[in-house]
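Student: I'd like to understand the words used for this model. Could we go through them together?

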Amino acid sequence: MKEQLLEVVVKEMQQGVVIINDKGLILYANPFFQETFAVNLPLEGINFTEVVEDAVLLNTVETVLSSEARQSKEITIKGKGNQILEARLIPFSQNGLNGVIGFFHDVTEEKRVEAIKRDFVANVSHELRTPLASIKGYAETLLDGGLEDKGVLKNFLTIIDRHANRMTALIEDLLTLSMLESHQIPMKFEPLDIRVLITNVIQGFEKQAKDKGIELIIESGETYRELPKVMGDRVRLEQVIVNLIDNAIKYTNKGAVRISVRILDNLMQVDVTDTGIGIPEKDLLRIFERFYRVDKGRSRELGGTGLGLAIVKHIIHGHSGKIWVNSNSGGGTTFSFTLPIN
Ligand SMILES: Nc1ncnc2c1ncn2[C@@H]1O[C@H](COP(=O)(O)OP(=O)(O)O)[C@@H](O)[C@H]1O
Ligand SMILES: [Mg+2]
């Protein structure tokens, strides 16, 4: 009874288990092990070396089997599907039977998250260090005797101020992202008229657009009364529209930015279309990642943090909506998102 239960446990385990005897023959392999190493034939009685190619794993099994001390070993290896596996190899000796039991734990996701965190910290440090280095450089130059010339003084202080603003923007975006990710501030859903929201946002961009000679247009096929309300967090959705229009204006040199709203079944779709520089195809998939920018220099110059779209994506997902982008390099970009309507 107990043995049968144990067999079920091993069979159902979300960890690969393999038992190898001291001749290197497999005595038992559970389904997870088979899947991990992508083998469909019955493994019992087959030599371990025929199933696994990873030299590190084979050597380690050998070592565990042959070493005097017969110590357990832990290693990290790659599975057949390129998964990262932590393998624990434990020698056993029972009723004259010697061998190794191997446990294989898939840590791909953990490693991926770890790598993202590491990259993120490195990115943040780098992004903060750049403006800080400039601020320090200009301040030092001024202290070294640049204070007399009023023109230089004003010029340098303006640059220092700009870099300080960039750091502030970055820190604000980081805090927003962190709050969104940790759900510290829950979304406050209320029925919203998306067109009113867009109109309000557009007003704030009129000067910026006019200065660049860009026309801001809001389009909607439905009449005012026909457009249903969406359940959404006003402040957050405003942030989405601000970020998208800000990008559209920033990355457009001439032409127009068009915002359209339409209803598709039980969804409302908003498109923000510009006639700007576009996004190269190779970058399209990564554009929503934190700090991912097509042209870092250009984005920084324009006061960008590289976090806008990451924030936007988070907010839309928090509304059970979808967001995507279409673009031709050089031929304009459309960011679209949907929100459910009930
Ligand atoms: N409308 C657009 N047209 C062209 N490129 C865009 C557009 N919107 C976003 N991008 C690209 O996506 C990148 C990331 O956008 P975002 O996260 O808002 O960061 P930021 O605007 O601070 O650089 C931008 O740096 C830019 O390269
Ligand atoms: Mg932006």
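Student: How do the residues of the shell around ligand 1 divide into nonpolar, polar and charged?

Tutor: There are nine nonpolar, eight polar and three charged residues. Here Ala, Val, Leu, Ile, Met, Phe, Trp, Tyr, Cys and Pro count as nonpolar, Asp, Glu, Lys and Arg as charged, and the others, Gly among them, as polar. A word on the source: this is a predicted model, in which local features need pLDDT of at least 70 and side-chain atom pairs pLDDT 80 or more, while totals for chains, interfaces and linings use all residues. Residues are numbered from 1 along each chain, and side-chain values use heavy atoms, without hydrogens and water.

Student: What makes the pair between Ser-299 and ligand 1 a polar contact?

Tutor: A polar contact is a pair of N or O atoms within 3.5 Å. A polar side-chain atom of Ser-299 lies 2.6 Å from an oxygen atom of the ligand, so the pair meets that cut-off. For Thr-333, a side-chain N or O atom is 3.5 Å from a nitrogen atom of ligand 1.

Student: How much of ligand 1 does the protein cover?

Tutor: The protein covers 97% of the 530 Å² of accessible area that the ligand has on its own (Shrake-Rupley method, 1.4 Å probe).

Student: Which elements each supply at least two residues of the shell?

Tutor: These are α8 (234–250), α11 (308–318) and β12 (333–340), and α8 gives the most, with three residues. Helices (H or I, at least four residues) and strands (E, at least two) are DSSP runs.

Student: Why are strands β3 and β4 called paired?

Tutor: Strands pair if DSSP finds at least two bridges between them. Six bridges join β3 (residues 73–78) to β4 (residues 84–94), so they count as paired.

Methods:
Chains lettered and ligands numbered in written order. Polar contact = N/O pair within 3.5 Å; in protein donor to acceptor, adjacent residues only side chain to side chain.
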